[in-house]
Amino acid sequence: MPATPPDSFRSDPHDRYSGDVLAGDWKARGRKVVPTVEAERDLVVELAESGFCGAVIGIEKNIVVLEDRFGAKRMFPLGHGFLVDGEAVQLVAPRPKAPAGRLRTASGSFAVESAPARVALPSRIFVEGRHDAELVEKVWGADLRIEGVVVEYLEGVDVLADALAEFRPGPGRKAGVLVDHLVPGSKEQRIADAVMRGPHGANVLVVGHPFIDIWQGVKPARLGKEAWPVIPRGTEWKHGVCDAFGWPHAEQADIARAWQHILGRVRGYGDLEPALLGRVEELIDFVTAPAG
C-alpha cells in the first residue's frame with residue numbers, strides 16, 4: 001500500500017501550483033467558448049470578416065441567406081465567422097419545432113384550417129393608402145377572408161365622400177374607414193366629421209390612428225431603431241425618414257423598397273403599435289356585426 005504523502009505535498013486550494021496540472025481539459029483553459037446560435041428568421045447577424053450585416057431570411061441546406069437593409073441578399077455557409085450584437089457566434093440551422101397546439105394567425109386569432117371559401121359580405125373596409133392596405137392584409141388578411149370582408153384601397157381621404165356615395169352604405173351594407181393622422185383639428189378630422197354627419201353616417205364608421213403615416217404604426221424596434229425620427233416641416237416625411245435612417249431615397253423606387261423592408265420586418269400584431277391595432281379591430285367588429 002503506497003504511503004500517504006506528507007502534508008507538504010497535498011493539494012492546496014489556495015496554491016495554484018499544487019495538485020495535478022494535467023487533470024481536466026487543460027487544453028481548453030483560457031480559451032473563449034464561442035456560443036452556438038440557431039439561424040432563426042429575422043435574426044440580425046454580421047460577417048466578422050467583411051462587415052456585411054443582414055437579417056436571416058432563409059436556410060438552404062448548409063447555407064444561410066441574409067438580406068441587408070437595402071434589400072441586397074447574400075448567401076454564406078453556416079458555422080463560425082458571424083457576430084450577433086458584436087459577439088462571435090457559430091450559426092447553425094434551427095432545430096425543427098414541435099407543433100404547439102392550435103395555430104394562430106398574424107393577428108393573434110386562432111387559425112381556421114380547411115375553411116371553405118366564403119362569399120364576400122356586402123360590407124367593406126376602406127383603407128387610405130396603398131401601404132396601409134398592404135399592412136392590413138399582412139396582419140389581418142387571414143381573419144378577413146374567413147369573415148368574408150373585402151378591403152378596398154382609398155386614394156386619399158379627400159375622395160372619401162365620393163367613394164361612399166358610390167358604395168351606398170345602408171343597413172347590412174356597412175363601411176368602415178381607416179384614416180391616417182386622424183387628430184383633433186386636422187383636415188382628416190374635419191372630413192371624417194362631415195361624413196359621419198352626412199346621409200350615410202348611421203352605417204359608416206371612420207376611425208384613424210395618430211401617426212403621420214402608417215410606417216409609424218410599426219414598432220421602431222423591429223427595424224433596430226429606438227424611435228421614428230422627427231422630420232422638420234417642409235420635408236416630405238418618407239424621404240426624411242429614409243434620410244435619417246441612412247436609406248436611399250432619391251427616387252420613388254427607393255421609397256417603395258424602404259416600405260417593403262419595413263413590411264418585411266412585421267411578423268404579426270405584436271410588431272404594431274396598440275393605437276393602430278385597436279382601430280383595425282374596431283372596424284372589423286363594426287362591419288361584421290349582425291344587421292340590427
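1. Helix H1 (residues 130–147) and helix H5 (residues 252–264) have axes that come within 11 Å and cross at roughly 20 degrees. Helices here are DSSP runs of H or I with at least four residues, and strands are E runs of at least two, numbered from the N terminus. Axes are lines fitted to C-alpha atoms, for helices over the stretch in contact, with angles from 0 to 180 degrees between N-to-C directions. H1 and H5 are therefore roughly parallel to each other (angles under 35 degrees).

2. The model is predicted: local features need pLDDT of at least 70, side-chain atom pairs count only at pLDDT 80 or more, and totals for chains, interfaces and linings use all residues. Residues are numbered from 1 along each chain as its sequence is written, and side-chain values use heavy atoms, with hydrogens and water left out.

3. On the H1 side, His131, Glu134, Leu135 and Lys138 meet Trp259, Gln260, Leu263 and Gly264 of H5 (heavy atoms within 4.5 Å). By class, this contact of H1 with H5 has 3 nonpolar, 3 polar and 2 charged residues.

4. The axes of H1 and helix H6 (residues 274–288) come within 12 Å and cross at roughly 25 degrees. That makes H1 roughly parallel to H6.

5. In the contact of H1 with H6, Leu135, Val136, Trp140, Leu144 and Glu147 of H1 meet Leu276, Leu277, Val280, Glu281, Ile284 and Thr288 of H6. These residues divide into 8 nonpolar, 1 polar and 2 charged. Leu135 is listed in the contact with H5 and in the contact with H6.

6. The largest pocket holds about 340 Å³ of space. Of the 17 residues that line this pocket, Val44, Arg69, Leu223, Gly224 and His261 are the closest to its centre. Strand S3 (residues 53–60) gives the most to the lining, with 3 residues. By class, the lining of the largest pocket has 7 nonpolar, 3 polar and 7 charged residues.

Notes. Angles under 35 degrees count as roughly parallel, over 145 as roughly antiparallel, 65 to 115 as roughly perpendicular and the rest as oblique. Ala, Val, Leu, Ile, Met, Phe, Trp, Tyr, Cys and Pro count as nonpolar, Asp, Glu, Lys and Arg as charged, and the others, Gly among them, as polar. On a 1 Å grid over the protein atoms alone, a cavity is a set of points where a 1.4 Å probe fits but cannot get out, and a pocket is an open set with protein on both sides within 12 Å along at least five of seven lines; lining residues have an atom within 4 Å of a point. Grid points are joined across faces, edges and corners, and a volume is the space filled by probe spheres set on the points.
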